[in-house]
Amino acid sequence: MTRRTAWLFPGQGAQRRGMGRDLFDRYPEAMAAADRILGFSVRELCLGDAGERLTDTRYLQPALFVVNELTRRAYAAREPAPDFLAGHSLGEYNALLAADAFDFETGLALVARRGELMGRATGGAMTAVVGPGATRIADLLAEAGLDDVDLANLNSAEQVVLSGPAESLRRAAGAVTAAGAGRCVPLRVSAAFHSRYMADAAREFAAFLDGFELRDPRLPVIANVTARPYRPGEVRRLLAAQVHSTVRWSESMRHLLARDVGRIAEQGPGRVLTGLWDAAVKDAANGPAPAPRHAAGGDSAPVAVGAAADAAPGAGPARAPSPAAAAAGSAPPLPGGPADGVPGPTAERLGSAAFRADYGVRYAYLAGSMYKGIASTELVARMGRAGLLGYFGTGGLRTERIEAAIAALRAELGPGGGFGMNLLHALHDPALEEATARLFLRHGVRFVEASGFTQPTRALVLYRLSGAHRDGAGRAVAPNRLLAKVSRPEVATAFMEPAPEALVRGLLADGLLTAAEAEAGRALPLAGEVCAEADSGGHTDAAVAYTLMPAMTGLRDRIVAERGYPDGIRVGAAGGLGAPESLAAAFVLGADFVVTGSVNQCTPQAGTSDAVKDLLAQADVQDTGYAPAGDMFEIGARVQVLRRGTLFAARANKLYQAYRRYDGLEAIDAKLRRTIEDGWFRRDLEQVWKETREHYLRTGRPQEVERAERDPKHRMALVFRWYFVHSTRTAMRGDPAERVNYQIHTGPAIGAFNRFAAGTALADWRNRHVDAVAEALMAGAAEVLRDRFSSLGR
């Protein structure tokens with residue numbers, strides 16, 4: 001199979017005297033336009049440069065833009081168009097020009113103004129760190145208390161650029177050298193580019209951009225801000241953000257590799273980006289290297305060291321967290337900023353920095369599980385490739401299917417790839433629950449989402465405490481991250497406290513835990529992360545987020561203070577998160593992270609039918625209802641489901657009413673029985689019981705059959721529960737004859753997202769890739785909060 005190609009455009013640092021010599025005469029019209037717009041001769045600047053203006057960003061940026069574009073034109077005359085485009089900082093303007101986002105004259109006007117604003121900034125400095133310890137830089141900054149230094153460029157696993165006050169960078173260089181993390185090279189720049197200190201320039205440039213028509217790229221262009229292709233309507237916002245944001249180049253190259261790009265062509269005067277591409281290919285062959293954390297904005301080139309640092313659309317200025325903040329793991333009072341001049345929060349800074357570090361994610365954002373593999377391996381893998389994390393939906397699956405999913409995710413993401421697995425409380429089958437937990441341990445699954453639990457169980461304690469120990473400093477640590485989704489304070493308390501001693505002793509007696517694991521576990525919360533689950537799809541207590549979140553964070557603060565947990569407890573938010581405003585509210589309420597659910601079911605990666613996705617994409621916020629939960633039918637637990645286009649909720653509720661009213665199938669009113677058999681089940685109840693009986697015997701649970709044959713009411717419950725299994729299967733298959741019976745777990749969040757996406761490319765669910773949904777919601781939340789911060793300042 002032919003592999004894909006990408007054209008890469010360099011930024012500052014790739015320039016050299018004499019660049020463009022063989023190109024200028026071939027494109028006289030472009031040169032005349034450039035000289036007219038700029039007011040100086042690009043030819044004279046590049047070939048002569050007697051005044052050393054080629055190191056002045058005000059002149060260099062437009063000149064390099066011209067040379068990059070002429071190089072592309074010459075190359076395009078003999079080569080087919082690429083599959084992808086990307087540009088490092090300034091080079092991104094060339095990539096967008098090549099993708100027809102604007103014309104040559106517009107692009108030149110933009111980069112000229114950009115260079116002017118950046119060249120006008122003074123104060124601050126930049127330093128490149130080159131060496132195998134570059135991925136440790138954020139930790140070294142935090143340890144040195146340098147919270148005023150930003151990570152400007154993430155160029156490769158061995159090349160990072162810092163931006164900030166000159167004295168702080170001197171101290172940072174000392175910390176890096178002392179740790180043996182690499183060598184530090186000061187860059188010849190006039191200011192701390194691509195950091196929080198470029199806030200004023202960013203604001204001015206954003207206003208300047210408003211005067212131009214900017215189109216969506218016709219070819220995929222990888223944005224430095226997101227390390228992902230531009231989505232519709234993003235060009236203006238991301239170009240404004242790039243002035244004070246991180247250049248996420250190494251992640252952009254990993255994205256191209258994941259998209260089967262096998263050949264690149266650098267369109268500019270040097271081969272700086274070719275070297276970084278070769279490094280990315282080598283890293284991929286050796287397994288993914290950990291990316292530097294807490295990425296910030298910075299305008300420095302891939303180190304052709306000593307060159308003027310060049311701006312790039314980056315991840316948003318992020319600071320290394322203070323030791324106190326990292327220990328607490330809590331979101332700041334005003335999430336994500338503003339701090340020291342940064343114009344409000346960015347998506348990368350929302351929530352807990354410690355959470356992002358522990359989970360290895362770019363955003364404090366998780367894709368929660370959906371049962372029966374609706375949160376599929378494809379969905380989870382796509383999140384992992386995007387530097388995010390999702391949980392595979394194990395509920396209702398046998399261990400063989402779960403084990404196959406783990407193997408598939410390992411193969412897709414590699415040994416270091418991040419993914420999680422769900423553990424759904426098996427009320428009627430605790431043996432399955434424990435077998436699933438032991439399966440996770442056997443395969444080294446480090447992230448588990450526990451849902452549906454009302455109290456701790458053996459399976460949860462076994463998973464959490466396996467491998468727990470005391471580190472060299474005597475701190476209790478556990479390698480397995482357990483995230484408990486809860487909606488009641490009393491349940492949250494059980495997960496915030498250490499594992500129940502009776503369960504620990506039972507596991508000790510059975511030889512499933514060691515004495516050292518048990519001892520360390522007594523100093524740890526059962527769950528390091530507790531997610532406050534408000535009204536949501538699937539199982540729900542219909543809690544209200546505005547009251548639930550403060551209750552959970554207050555409870556957390558009290559227990560952490562009493563127990564003195566070394567790493568605290570992080571509290572997240574779930575339920576109703578379908579619009580940027582909802583996520584923004586969650587972070588303001590103190591969420592350290594957010595977990596989405598319903599919105600991910602309406603994505604191409606979700607493991608359900610197109611028919612279900614079509615229905616979800618038409619839903620509004622009022623189009624859901626409540627029904628009995630099939631797995632907890634007898635106790636009256638509820639799930640929230642789609643009501644529009646299906647009669648499942650109404651029929652399921654009538655079945656539960658019949659269960660409460662009658663003592664067995666034989667006692668059911670004749671008219672109701674006919675309705676159930678002829679209209680809902682389309683088979684008689686005795687036939688359903690026969691199928692159900694065979695299922696329990698086949699799956700090794702004869703005790704259920706024995707109980708049902710003794711107890712008519714239990715037999716009725718098992719027959720009614722068949723309908724819940726049937727309605728799920730028909731929905732996942734998309735059986736058109738059974739549409740009225742579709743059981744589709746979802747909350748009002750899907751309606752909120754549909755409203756948010758209306759009029760954009762995301763209106764079509766086929767464009768709602770799960771990582772694109774994450775990007776849209778998190779970027780939107782940051783924008784909402786920036787607007788609020790701005791209004792507070794007026």
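1. Strands here are DSSP runs of E with at least two residues, numbered from the N terminus. The model is predicted. On that basis D150 belongs to strand 4, which covers residues 150-156. D150 has 0% relative accessibility and therefore counts as buried, the cut-off being under 20%. The side chain of D150 is joined to that of R196 by a polar contact of 2.4 Å.

2. Helix 1 (residues 28-38) packs against helix 3 (residues 57-76) at an angle of about 165°, and their axes are 12 Å apart. Angles over 145 degrees count as roughly antiparallel, so that is how helix 1 and helix 3 run relative to each other. The crossing of helix 1 with helix 3 is right-handed. Helix 1 contributes A30, M31, A34 and L38 to the contact, while helix 3 contributes P62, V66, L70 and R73. By class, this contact has 7 nonpolar residues, 1 charged residue and no polar ones. As a general point, an α-helix has 3.6 residues a turn, so residues three or four places apart point the same way.

3. Helix 15 (residues 399-413) and helix 16 (residues 430-442) form another packed pair, with an angle of about 20° and axes 10 Å apart. Angles under 35 degrees count as roughly parallel, and helix 15 and helix 16 are therefore roughly parallel to each other. Their crossing is right-handed. On the helix 15 side the contact is made by T399, I402, E403 and I406, and on the helix 16 side by L432, A435, T436, L439, F440 and R442. The residues of this contact divide into 6 nonpolar, 2 polar and 2 charged.

4. Helix 4 (residues 91-98) is largely enclosed by the rest of the structure, because 7 of its 8 residues are buried. The buried residues of helix 4 are G91, E92, Y93, N94, A95, L96 and L97. After helix 4 comes D100, which has a positive phi, near 65°.

5. Where does C602 lie? C602 is in the loop between helix 23 (598-601) and helix 24 (610-617). Its relative accessibility is 0%, so C602 counts as buried. Not counting residues up to four places away in sequence, C602 touches K613, L616, A617, I750, W765 and R768. T346 is 256 residues from C602 along the chain, and the C-alpha atoms of C602 and T346 are separated by 26 Å.

Definitions and conventions. Residues are numbered from 1 along each chain as its sequence is written. This is a predicted model: local features need pLDDT of at least 70, side-chain atom pairs count only at pLDDT 80 or more; totals for chains, interfaces and linings use all residues. Side-chain values use heavy atoms; hydrogens and water are left out. Axes are lines fitted to C-alpha atoms, for helices over the stretch in contact, and angles run from 0 to 180 degrees between N-to-C directions. Helices (H or I, at least four residues) and strands (E, at least two) are DSSP runs, numbered from the N terminus. Angles under 35 degrees count as roughly parallel, over 145 as roughly antiparallel, 65 to 115 as roughly perpendicular and the rest as oblique. A crossing is left-handed if the near helix is turned anticlockwise from the far one by less than a right angle, and right-handed if clockwise. Contact means heavy atoms within 4.5 Å. Ala, Val, Leu, Ile, Met, Phe, Trp, Tyr, Cys and Pro count as nonpolar, Asp, Glu, Lys and Arg as charged, and the others, Gly among them, as polar. Buried means under 20% relative accessible area, exposed over 50%, partly exposed in between (1.4 Å probe, protein chains only). A polar contact is a pair of N or O atoms within 3.5 Å; within protein, one must be able to donate a hydrogen and the other to accept it, and residues adjacent in sequence count only if both atoms are side-chain atoms.
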